[in-house]
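Dear colleague,

I am passing on a structure that may be new to you, and I have set out below what was found in it. Please look through the sequence and the model before reading on.

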Amino acid sequence: MRATINQKLTEMGERERLKELLRVKLTECGWKDQMKAHCKEVIKEKGLEHVTVEDLVVEITPKGRALVPDSVKKELLQRIRTFLAQHAT
């Protein structure tokens, strides 16, 4: 089911529109700045020489997900539901 929804979103170009909306909303609410600051903290704590991109992703992902405002999650979910209702086959 998830694969089918993802395929339909991709084929119709809605996936890219949703990704752009998410980028805008996360920037507007300060999420991007918070994550940037968190990355700097992690690098400062561990030292630049001791942090790989993979380490950084593992370290910041849980906080990044937790910091996404519920209003942004709800808006994206509603847009997906509306899209699927309009394009149900």
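**Salt bridges in the model**

Glu59 and Lys46 form a salt bridge through their side chains, with a distance of 3.4 Å from N to O. Because Glu59 belongs to helix H4 (residues 53–67) and Lys46 to helix H3 (residues 31–46), this pair ties together parts that lie 13 residues apart in sequence. Glu59 is partly exposed, with a relative accessible area of 34%, and Lys46 is partly exposed as well, at 40%. Please keep in mind that this is a predicted model.

The structure holds six salt bridges, and another of them joins the side chains of Arg17 and Glu14, at 2.9 Å from N to O. Arg17 counts as partly exposed, at 47% relative accessibility, whereas Glu14 counts as buried, at 12%. Helix H2 covers residues 14–28, and, leaving aside residues up to four places away in sequence, Glu14 touches Leu9 and Phe83.

In helix H5 (residues 70–86), Glu75 and Arg79 lie four residues apart, about one turn of the helix, and their side chains meet in a salt bridge of 3.6 Å, N to O. Glu75 is partly exposed, with a relative accessible area of 25%, and Arg79 is also partly exposed, at 41%. Together with Lys25, Glu75 and Arg79 are linked in a network of salt bridges.

Terms used:
Residues are numbered from 1 along each chain as its sequence is written. This is a predicted model: local features need pLDDT of at least 70, side-chain atom pairs count only at pLDDT 80 or more; totals for chains, interfaces and linings use all residues. Side-chain values use heavy atoms; hydrogens and water are left out. Helices (H or I, at least four residues) and strands (E, at least two) are DSSP runs, numbered from the N terminus. Contact means heavy atoms within 4.5 Å. A salt bridge is a side-chain nitrogen of Lys or Arg within 4 Å of a carboxyl oxygen of Asp or Glu. Buried means under 20% relative accessible area, exposed over 50%, partly exposed in between (1.4 Å probe, protein chains only).
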